[in-house]
Amino acid sequence: MAQIDAKLLKRCRNKDRRAQNQLYELCFGMFMPVCMRYASCEDDAMSYLNLGFYKILKNLKKYNPEIPFSAWSKRVLINTIIDELRSKKRYQNQIELRENLPAEERGFAQYDPAISGEDVYRFIQNLPPVTGSVFNLYALDGYKQVEIADMMGISVGTVKWHYAEARKRLKQMVTTFSQQQKLVS
């Protein structure tokens with residue numbers, strides 16, 4: 001993301017539409033991949049991005065210049081996405097916790113060079129909404145399990161279950177994909 005200068009942010013705070021558009025264009029490249037990790041399609045990702053950007057502009061007066069703008073804005077965006085997922089009640093499925101997964105379900109598939117980053121990205125998008133969100137927040141965005149539980153309004157145990165479930169399902173998807181690739185070649 002290009003460096004965001006204080007003058008541009010000040011103009012945005014003063015509701016200068018051109019400055020807001022310029023900030024949007026500067027942030028788009030950083031925000032869209034984050035949104036795509038949580039969305040099931042590009043339209044949903046654009047919706048998350050636009051809603052998140054609106055909240056960034058709305059809360060710009062709360063921004064502390066001592067914190068990098070990219071970190072602050074990304075956090076606002078992720079919180080917006082989580083709020084949106086929560087409001088749609090996608091994760092309200094009552095799930096029975098399974099505390100002790102067998103050892104083979106805790107591991108992850110060995111690296112297969114036939115699997116591209118795009119394939120893994122697609123696998124993550126195919127996870128159930130809450131399971132995928134927990135996996136993204138923990139594995140990719142670096143949030144702690146307690147933070148995820150607070151953000152999503154679920155228990156830490158449920159966060160752990162979703163993360164383990166994501167790993168299990170991803171392992172199954174990778175294994176199935178690898179086997180299909182071997183049959184084709």
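Modeller: Of the 185 residues in the chain, 39% are buried, meaning under 20% relative accessible area with a 1.4 Å probe and protein chains only. Bear in mind that this is a predicted model, where local features need pLDDT of at least 70, side-chain atom pairs count only at pLDDT 80 or more, and totals for chains, interfaces and linings use all residues. Numbering starts from 1 along each chain as its sequence is written, and side-chain values use heavy atoms, with hydrogens and water left out.

The chain has nine helices and zero strands; helices here are DSSP runs of H or I with at least four residues, strands are E runs of at least two, and numbering goes from the N terminus.

Now the pair: helix H1 covers residues 6-13 and helix H2 residues 17-38, and their axes come within 8 Å, crossing at roughly 125°. The axes are lines fitted to C-alpha atoms over the stretch in contact, with angles from 0 to 180 degrees between N-to-C directions. That angle makes H1 oblique to H2, because under 35 degrees counts as roughly parallel, over 145 as roughly antiparallel, 65 to 115 as roughly perpendicular, and the rest as oblique.

As for who touches whom, H1 brings Leu 8, Leu 9, Arg 11 and Cys 12, which meet Arg 18, Ala 19, Gln 20, Gln 22, Leu 23 and Leu 26 of H2, with contact meaning heavy atoms within 4.5 Å. By class, that contact of H1 with H2 has six nonpolar, two polar and two charged residues; Ala, Val, Leu, Ile, Met, Phe, Trp, Tyr, Cys and Pro count as nonpolar, Asp, Glu, Lys and Arg as charged, and the others, Gly among them, as polar.

Note on methods
Buried means under 20% relative accessible area, exposed over 50%, partly exposed in between (1.4 Å probe, protein chains only).
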